[in-house]
Amino acid sequence: MTTLTGSNFIAGEQSKLGTTTFTSVNPRTKQPGSIQFHNATAEEIHNAVVTAEEAFAQTRNYPAARIADFLDIAAEEILSLGDELLQT
């Protein structure tokens with residue numbers, strides 16, 4: 001199971017270069033969540049954009065079925081978070 005850490009994920013790696021953080025807020029109770037999420041730095045944003053451009057160059061001609069399979073796997077990962085995702 002995936003655990004929420006408050007890190008940014010860039011090219012599959014965790015990154016916490018930012019020194020400022022924020023928490024989620026439960027819209028019903030207005031109470032803050034327990035996880036501190038790190039704001040991304042300009043360097044992290046740049047790295048994410050460069051990595052995304054490289055990934056797009058590699059995947060832009062994939063057949064629709066391959067992209068659909070990837071999206072199904074991503075959806076399964078999100079669903080596997082279950083209530084943990086709802087609590088943050």
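Colleague: In which strand does glutamine 14 lie, and why is glutamine 14 called partly exposed?

Modeller: Glutamine 14 lies in strand β2 of this model, which is a predicted one. Its relative accessible area is 49%, and because buried means under 20% and exposed means over 50%, a value in between is called partly exposed.

Colleague: What makes the approach of glutamine 14 to serine 7 a polar contact?

Modeller: The side chains of glutamine 14 and serine 7 are joined at 2.8 Å, and a polar contact needs a pair of N or O atoms within 3.5 Å, one able to donate a hydrogen and the other to accept it. The side chain of glutamine 14 also makes a polar contact with the side chain of threonine 5, at 3.3 Å. Leaving out residues up to four places away in sequence, glutamine 14 touches Thr5, Ser7, Asn8 and Phe9.

Colleague: How do you know whether serine 15 is buried or exposed?

Modeller: Serine 15, which is found in strand β2 (residues 13–15), has a relative accessible area of 14%; since buried means under 20%, serine 15 is buried.

Colleague: Which side chain makes a polar contact with the side chain of serine 15?

Modeller: The side chain of glutamate 44 does, at 2.4 Å, where the cut-off for such a pair is 3.5 Å.

Colleague: Where does asparagine 8 lie, and what does its side chain reach?

Modeller: Asparagine 8 lies in strand β1 (residues 8–10), and its side chain reaches the backbone oxygen of histidine 38 at 3.4 Å. Not counting residues up to four places away in sequence, asparagine 8 touches Glu13, Gln14, Ser15, His38, Asn39, Ala40 and Glu44.

Colleague: Why is the pair of phenylalanine 22 and phenylalanine 37 called stacked?

Modeller: A search of the whole structure finds one aromatic pair, and in this pair the ring centres of phenylalanine 22 and phenylalanine 37 are 5.6 Å apart, with 25° between the planes. Rings pair if their centres lie within 6.5 Å, and planes under 30 degrees apart count as stacked, so the pair is stacked. Phenylalanine 22 lies in strand β3 (residues 21–22) and phenylalanine 37 in strand β4 (residues 37–38), so the pair ties together parts that are 15 residues apart in sequence. Phenylalanine 22 itself counts as partly exposed, at 42% relative accessibility.

Colleague: How do you know that arginine 66 lies over the face of tyrosine 62?

Modeller: Arginine 66 is at 3.8 Å from the ring centre of tyrosine 62, where the distance limit is 6 Å and the direction must also fall within 35 degrees of the ring normal; arginine 66 is accordingly placed over the face of that ring.

Colleague: What makes the protein more spread out than a compact globule?

Modeller: The protein has three helices and four strands, running β-β-β-β-α-α-α from the N terminus on. Its radius of gyration is 16 Å, well over the 12 Å that the globule rule gives for 88 residues, so the protein is more spread out than a compact globule. Along the principal axes, the C-alpha atoms fill a box of roughly 45 × 30 × 20 Å, and buried residues make up 14% of the 88 residues.

Note on methods: Residues numbered from 1 in each chain as written. Predicted model: local features only at pLDDT ≥ 70, side-chain atom pairs only at ≥ 80, totals over all residues. Heavy atoms only, no water. Phe/Tyr/Trp six-rings, centres within 6.5 Å; stacked < 30°, edge-to-face > 60°. Helix = DSSP H or I, 4+ residues; strand = E, 2+ residues; numbered from the N terminus. Buried < 20%, exposed > 50% of the residue type's maximum accessible area, 1.4 Å probe, protein only. Rg over C-alpha atoms; globule rule 2.2 N^0.38 Å. Contact = heavy atoms within 4.5 Å.
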